[in-house]
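Reader: Please walk me through this model, one topic at a time.

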Amino acid sequence: MSLGFFTREALRSMRRNAVPSFAAMVTVLVTVLVLGAFIPLVQAATGAANDVRGKVLLDVYMKTNASKADIARVQGLLQDKTPHVKSVQFVSKQTAYQEQRAKNPAAYDALGSNPLPDAFRVTPDNPDNIGAVLAALTPTSASGARTMIDPSIDLVKNRKDETHKILTVTRFIKLVMGGVAVLLILASILLISNTLRLSMFSRRREVEVMKLVGATDWYIRWPFMIEGVVLGALGGIVAILLLAVVKVALIDSLAGDLSLLSGTKTINFGALIGILLAASVAVSAAGSGLSLRRFLRV
Amino acid sequence: MAATQERPTADRPERPRPGLPGPESVIEFRGVSKVYESGDIGVENATFHIDRGEFVFLVGSTGSGKSTLMRLLIKEHEPSAGTIRVSGRDLADIDRQRVPHYRRNIGVVFQDFKLLPNRTVYDNVAYALQVTGHSRKEIRAKVPDILRLTGLSTKLHNYPDQLSGGEQQRVSVARAFVNHPPLVLADEPTGNLDPETSIGIMQLLYRINKAGTTVLVATHDAHMVDRMRRRVIEMQSGRIIRDEASGLYRPSEQSTGEFTAMLRGDDGMPLQRRGKTARQRTAEELFDEAFGDDDR
């Protein structure tokens with residue numbers, strides 16, 4: 001009645017049931033491998049989506065005759081009085097002119113003067129709140145027409161098309177990734193517990209006999225649980241070794257060239273190992289224990 | 001009510017009258033019925049008791065309720081009605097958690113041996129002791145002993161599939177008895193064995209009984225029952241129809257004529273393929289019916 005005895009029992013049954021044990025181990029291995037590759041992938045994808053979403057912003061154009069006082073007042077208004085604003089960047093007409101001229105020197109040279117107004121680039125705290133910011137800056141008047149919150153503001157533009165596209169696409173990507181992640185985790189759990197149940201089913205007679213001889217439920221269950229832990233750990237470790245090889249050989253050497261790999265933050269490899277190992281061991285042990293339940297009802 | 005049932009002999013003279021359960025009863029059934037969820041009746045209103053040290057045969061055709069009775073005794077099934085006491089203890093009072101501990105006091109032998117296929121003969125017997133928390137030292141002392149008694153000392157390290165049926169059943173008997181339980185149940189222990197091997201197994205059970213253990217054997221083996229002349233309880237369709245102190249498998253000797261009549265199905269004994277027109281069939285007709293000849 002000791003851990004040593006139960007461990008010996010577990011090892012014995014693994015030796016005598018080599019094929020089902022191997023199948024269970026490989027199942028854990030494959031699942032961990034897929035999860036291990038998928039978790040950083042999801043993070044990279046959502047990270048990239050978030051990067052793009054960071055580019056969602058609102059342009060506030062001043063009237064061309066706005067004075068310095070007007071500009072200061074509007075800046076204060078944007079920074080302190082408007083909700084959901086993360087940052088406000090002032091783009092003077094000179095800066096704007098230089099930016100645009102760099103893009104198309106001939107056209108701007110022909111103009112001779114600077115037609116561009118002073119402007120603010122307003123970044124919302126969350127891309128989804130851009131509508132709220134816009135509404136706050138252009139309240140609807142009693143007649144239903146849009147008015148400006150400050151008379152010196154000429155126009156508030158949210159680069160409608162791009163914003164809309166970016167928001168839908170990134171939201172979609174996040175949803176899909178989340179859905180796939182949930183499905184994958186569910187599939188892993190079902191796959192592992194199914195394999196364990198199968199190997200348990202092939203041994204239900206053994207359990208039945210043990211019960212007839214007067215073994216208590218836990219006396220029967222411990223060796224099975226230890227077996228689950230050992231198989232889960234083995235599968236997990238092999239999968240993690242494979243992942244590490246792929247990471248070192250492939251990802252790290254490509255990271256310099258591909259912005260997707262280097263640009264976004266993904267989970268720390270150590271933490272990933274820890275999570276995967278803990279999950280594989282816990283799922284296998286719990287799976288063995290639980291799938292044994294129905295055979296214990298003798 | 002409970003108080004009077006606790007001490008059934010309280011208002012009786014020192015020796016219980018024959019036919020009534022006394023303090024010596026190892027097994028006591030009182031009005032026990034078992035109806036399965038499917039509606040099938042396993043046991044119907046069974047009342048009997050078996051005293052300490054008895055050797056009892058439980059006979060009856062397949063489906064008569066023998067196995068149900070055994071299952072009730074090891075608490076694999078719960079009775080639908082009535083009370084079962086083993087060594088004076090009401091089985092209904094044993095909760096699920098305590099069932100394993102209860103089973104350790106009963107040795108069981110089955111027709112299909114029920115050995116652990118992944119363990120050697122030695123380990124199979126040792127498992128029964130490990131379960132009860134015996135130390136390795138005790139196990140090393142006891143297991144070879146019981147295996148020698150059952151004539152298996154040369155097969156210690158064989159796996160069950162390397163043994164003959166008779167040998168496997170000996171292992172099963174050894175495992176049932178290694179804890180020296182007060183009660184041994186054997187459900188068709190010789191059902192899969194040839195007559196000669198059967199005698200060996202029955203001898204083992206007999207010796208276990210001689211050592212003071214109560215033994216209940218469910219069997220089809222008419223030959224064995226007739227020769228051993230022990231107490232016989234006969235069941236039919238879930239009811240106990242006969243309980244004799246030293247009985248035969250059949251209540252009376254049958255003449256050849258009676259036997260033939262029985263085969264024809266005249267005396268109410270159901271014949272397996274007996275249809276509505278089964279009366280007065282010749283053997284040839286029965287053969288045709290059994291093996292089917294569609295051309296005719």
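This is a predicted model: local features need pLDDT of at least 70, side-chain atom pairs count only at pLDDT 80 or more; totals for chains, interfaces and linings use all residues.

Reader: How many bridges join β1 and β3 of chain A?

Author: Strand β1 (residues 58–62) of chain A and strand β3 (residues 119–124) of chain A are joined by four bridges in the antiparallel sense. Two strands pair if DSSP finds at least two bridges between them. Helices (H or I, at least four residues) and strands (E, at least two) are DSSP runs, numbered from the N terminus.

Reader: What is the strand order of that open sheet in chain A?

Author: The order is β2-β3-β1-β4 (chain A), an open sheet of four strands with antiparallel pairing. Its edge strands are β2 (85–91) and β4 (153–157) of chain A, each of which pairs on one side only. Neighbouring strands are turned by 20 degrees against each other on average, direction ignored.

Reader: Which helices pack on this sheet?

Author: Helix α3 (residues 68–81) of chain A packs on the sheet and touches β1, β2, β3 and β4 of chain A, and its direction makes about 160 degrees with that of β2(A). Helix α6 (residues 130–137) of chain A also packs on the sheet, touching β1, β2, β3 and β4 of chain A, with its direction at about 20 degrees to that of β1(A). Axes are lines fitted to C-alpha atoms, for helices over the stretch in contact, and angles run from 0 to 180 degrees between N-to-C directions. Two residues are in contact if their C-beta atoms, placed from the backbone, lie within 7 Å.

Reader: And chain A overall? What does its secondary structure come to?

Author: Chain A has 11 helices and four strands. Of its 298 residues, 28% count as buried. A residue is buried if 20 or more other C-beta atoms lie within 10 Å of its own, exposed if 12 or fewer, and partly exposed in between. Among contacts in chain A between residues at least 6 apart in sequence, 85% join residues at least 24 apart.

Reader: Where is Arg159(A) found? Why is it classed as partly exposed?

Author: Arg159(A) is found in the loop between β4 and α7 (160–201) of chain A. It is classed as partly exposed because 15 other C-beta atoms lie within 10 Å. Its C-alpha atom is separated by 7.7 Å from that of Leu57(A), 102 residues apart along the chain.

Reader: Now the cores. How many residues has the largest nonpolar core?

Author: The largest nonpolar core has 95 residues, and those with the most contacts inside it are Leu58(B), Val125(B), Ala174(B), Val184(B), Leu185(B) and Leu205(B). Apart from it lies another core, of 19 residues, including Val60(A) and Val133(A). A nonpolar core is a set of buried Ala, Val, Leu, Ile, Met, Phe, Trp, Tyr and Cys residues joined through C-beta atoms within 7 Å.

Reader: Chain B next. At what angle do α6 and α7 of chain B pack?

Author: Helix α6 (residues 165–177) of chain B and helix α7 (residues 195–210) of chain B pack at about 10 degrees, with their axes 9 Å apart. That makes α6(B) roughly parallel to α7(B). Angles under 35 degrees count as roughly parallel, over 145 as roughly antiparallel, 65 to 115 as roughly perpendicular and the rest as oblique.

Reader: Which residues meet there?

Author: From α6(B), residues including Arg170(B), Val173(B) and Phe177(B) meet residues of α7(B), among them Ile201(B), Leu204(B) and Ile208(B). By class, this contact has six nonpolar, five polar and one charged residues. Ala, Val, Leu, Ile, Met, Phe, Trp, Tyr, Cys and Pro count as nonpolar, Asp, Glu, Lys and Arg as charged, and the others, Gly among them, as polar.

Reader: How many residues of chain B are in contact with chain A?

Author: 16 residues of chain B are in contact with 12 residues of chain A. On the side of chain B that touches chain A, α3 (99–103) and α4 (121–131) of chain B each supply at least two residues.

Reader: Last topic: what is phi of Lys114(B)? Is this residue buried or exposed?

Author: Phi of Lys114(B) is near 50 degrees, a positive value in a residue other than glycine. Lys114(B) is buried, with 20 other C-beta atoms within 10 Å. Its place is in the loop between β6 (106–110) and α4 of chain B. His180(B) also has phi near 50 degrees, but His180(B) is partly exposed, with 14 other C-beta atoms within 10 Å.

Notes:
Residues are numbered from 1 along each chain as its sequence is written. Chains are lettered from A and ligands numbered from 1 in the order in which they are written.
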